Amino acid sequence: MTIIADSCVCCLGTNIDASPAVLMPFISHRVFDWAPIEITPEWDLERYGIGAGTAYTVCNTLSCRDCSHIFLDMRFNNFEMSKLYRDYREEEYLNLREKYEPGYKIRNEKLKSGYNYIDKIESFLLPHVKKPQSLKILDWGGDTGKNTPFYSECEFLYIYDISEKSPIGEAKRINKDEIKVVECDLFVCSNVLEHIPFPEDTLCEINSAMKCDAILYIELPYENLVRQSEEQNELQNAYKKKNHWHEHVNFFTDTSIRELVHNSGFEVLELRKLEISGETSNYVFQIVCRRKINTEDVCEQPH
């Protein structure tokens, strides 16, 4: 059953503001089998104060007053997530999304070409990792591995992903049980946590699989709503402008990222915002982390 959030999924605070929104029809249909309904006069609902028009799935946009994280109140469970991301961007997925969002198939073809800024990711990571040729990498949510930094020169690349797509080159797809026994130097979690209902759970899983000296690279969208609101010094009211929700159920801020990373047992080594050039300019957060180690936190090797 879908969980309705009453606290922040990053800092765990309960100082939450809410604003009404709609769940995009592709998502509600894919997850719940709830298609939009046209209410006509024949329904005879006027007497109940319901007028004619199209009915969509309603939800709330939540905003944390403490860390400014903006998020969907509906937190999908594992079954619902599996329905949403089953055969991701395959025929059934594409056909249903095209029905609700004409032109999506064309956009999807462009996405297949992969990131055009992997070199910038690699240059950002180089000061924090050993020589690429000796790296063992685990890409958590890495699809085929085509967007994994250093994939063409690393010693070995493991991929954990819900899809069944064949990995590139000599990369190996592994399951959660196998994650516990491979020892990697670099973990990658790129453009994943914005989709995840409880991102702290995912980061804690990653943390438990990492050896003491491993590095974690996280990449997240720096959403235009957040960025532009920050520029206008209106971040606290940005949630009021978020009136619809799609696959990205988390809109991160610098503060909410740091809170999430800290609560998941990591410390930030470096965080920056990168502009990506393309048909339009987009921005991402890039974060390099390591496991927190102190006198009260004994680092154990993964089993």
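In what order do the strands of the open sheet of seven run? The order is β10-β9-β8-β11-β12-β16-β15, and the pairing is mixed. Keep in mind that this is a predicted model: local features need pLDDT of at least 70, side-chain atom pairs count only at pLDDT 80 or more, and totals for chains, interfaces and linings use all residues. Residues are numbered from 1 along each chain as its sequence is written, and side-chain values use heavy atoms, with hydrogens and water left out.

**The seven-stranded sheet**

- At the edges sit β10 and β15 (266-276), each with a single partner strand, so one side of each has no neighbour in the sheet. Strands here are DSSP runs of E with at least two residues, numbered from the N terminus, and two of them pair if DSSP finds at least two bridges between them.
- Strand β8 (residues 136-140) runs parallel to β11, and three bridges join the two.
- Along that pairing, Ile 137 stands opposite Leu 186 in β11, while Asp 139 has Val 188 as its bridge partner.
- Ser 190 stands opposite Glu 219 in β12.

**How covered is β11?**

- Five of the five residues in β11 (residues 186-190) are buried, meaning under 20% relative accessible area, where exposed is over 50% and partly exposed is in between (1.4 Å probe, protein chains only).
- In a regular strand, side chains alternate between the two faces of the sheet.
- Both faces of β11 are covered, with Leu 186, Val 188 and Ser 190 buried on one side and Phe 187 and Cys 189 buried on the other.

**The five-stranded sheet**

- Another open sheet, this one of five strands, goes β13-β2-β5-β6-β14 with mixed pairing.
- Its edges are β13 (244-245) and β14 (250-251); each has a single partner strand, so one side of each is left without a neighbour in the sheet.
- Strands β2 (residues 16-23) and β5 (residues 58-64) pair antiparallel over seven bridges, and Ile 16 stands opposite Cys 64 in β5.

**A negative patch**

- Asp 87, Glu 90, Glu 91 and Glu 164 form a negative surface patch. Patch residues have over 30% relative accessible area and no salt bridge, with like charges joined within 9 Å and nonpolar side chains (Val, Leu, Ile, Met, Phe, Trp, Tyr) within 5 Å.
- Glu 164 comes from the loop between β9 (156-160) and β10 (172-173), and this Glu 164 is exposed, at a relative accessible area of 71%.

Conventions:
Areas by Shrake-Rupley, 256 points an atom, 1.4 Å probe, with all protein chains shown as cover. Salt bridge = Lys/Arg side-chain N within 4 Å of Asp/Glu carboxyl O. Lys, Arg positive; Asp, Glu negative; His and termini not counted. Charge placed at Lys NZ, Arg CZ, Asp CG, Glu CD. Helix = DSSP H or I, 4+ residues; strand = E, 2+ residues; numbered from the N terminus.
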